[in-house]
Amino acid sequence: MDTGELVEVVLPGKVEPENLRIRRGAVPDAGPGQVVIRMEATGVSFAEQQMRRGRYYDQPPFPFVPGYDLVGTVVATGAGVPPGLAGTLVAALVKIGGWASHVVVDAADVVPVPEGVGAAEAETVVVNGITAWQMLHRKARIRAGQTILVHGANGGVGSVLVQLAHAAGVKVIGTASARHHDALRERGVVPIDYRDGNVAARAREVAPRGVDAVFDHVGGPGIVGSWRLLAPGGTLVAYGTASTRDDQGSKQWPVIKLLMRVWLWNALPNRRRAYFFNVWAGRALSKDRFRARLRADLTQVFAAVERGDMTPQIAARFPLTRVAEAMRMAESGTVAGKVVLTP
């Protein structure tokens, strides 16, 4: 058993980053079918930023330990777990609980990290990689020679979408603020300034008949523009409502409105499809199927990193105890890549 001390970050309520609390205690034990992971890297994603505001649509009641995913070494195994797992570097998608030095996870939920990929590098592509892979290959089913539009192409999920799409032989148009355009061009993306109010016209210059897929994390009224950009047979994948980040009122309502719109579009005979992507979809129906799909897809993502199809982007690394600074940086919107927390 790991004899160290448990250090975890507690989100006590709707607070500023400086009011996140550090709690210390005993390292937990692994129950039957569980492992204890000594965290080596976890990250700040949009989900935790929303949870801090009380705006993530299915977050638990305060107080809780946030942290959507983590990478670390298995230091203890419970009854019924193959002892060979001990000492291996693994990744896990947990939704909450990752911002801790030690995390208990069901052994069936861990995915081995290949030897050639470091913990921090692997962390940058867990939730972002799974999201991008499943949207591209399971929802939009992209094929070589197609053209797609990625909103926020410089962001956490956006930058992974770009790289995986290029690896599949797909042309990418990407929206971002002007300061990111040079970097996007270097990555082979056709950049569009989302602030200039003419995204549709610019996209049509590149793809006159429309694009084969749009990936939209913004939601809100702008989603209609994304839908109209689709070529016949095209797919819209919505995966967030970032435009409502600072809204007050119901945190569920923006998602419900988006789901209603998607349902209506799919009900109409228009030769296009729309999806609202949720990485947890299907888990309640079949945990085994969900786990098998997650393991297969994350293994593909790690293989893409090993091959060099994807370059993990680490914006900065902070120790867990400096989580307030990490969160401020992640929320500033000025960095490229993932803000990573280490023990």
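What follows covers a strand residue and then the aromatic pairs.

This is a predicted model: local features need pLDDT of at least 70, side-chain atom pairs count only at pLDDT 80 or more, and totals for chains, interfaces and linings use all residues. Residues are numbered from 1 along each chain as its sequence is written, and side-chain values use heavy atoms, with hydrogens and water left out.

Start at Thr147. It sits in strand S8, residues 147-150. Helices (H or I, at least four residues) and strands (E, at least two) are DSSP runs, numbered from the N terminus. Thr147 is buried, at 15% relative accessible area. Buried means under 20%, exposed over 50%, and partly exposed in between, with a 1.4 Å probe and protein chains only. Beyond its neighbours within four places in sequence, Thr147 contacts residues including Val170, Ile173 and Val211. Contact means heavy atoms within 4.5 Å.

Now the rings. The structure has six aromatic pairs. Rings of Phe, Tyr and Trp (its six-membered ring) pair if their centres lie within 6.5 Å; planes under 30 degrees apart are stacked, over 60 edge-to-face, and the rest tilted.

Trp227 and Trp265 are stacked, 4.6 Å centre to centre with 5° between the planes. Trp227 lies in helix H7 (223-228) and Trp265 in helix H8 (253-267), so the pair ties together parts 38 residues apart in sequence. Both are buried.

Trp280 and Phe290 also stack, at 5.8 Å and 20°. Trp280 is in the loop between strand S13 (273-276) and helix H9 (287-307), and Phe290 is in helix H9, so this pair ties together parts 10 residues apart in sequence. Trp280 and Phe290 are buried.
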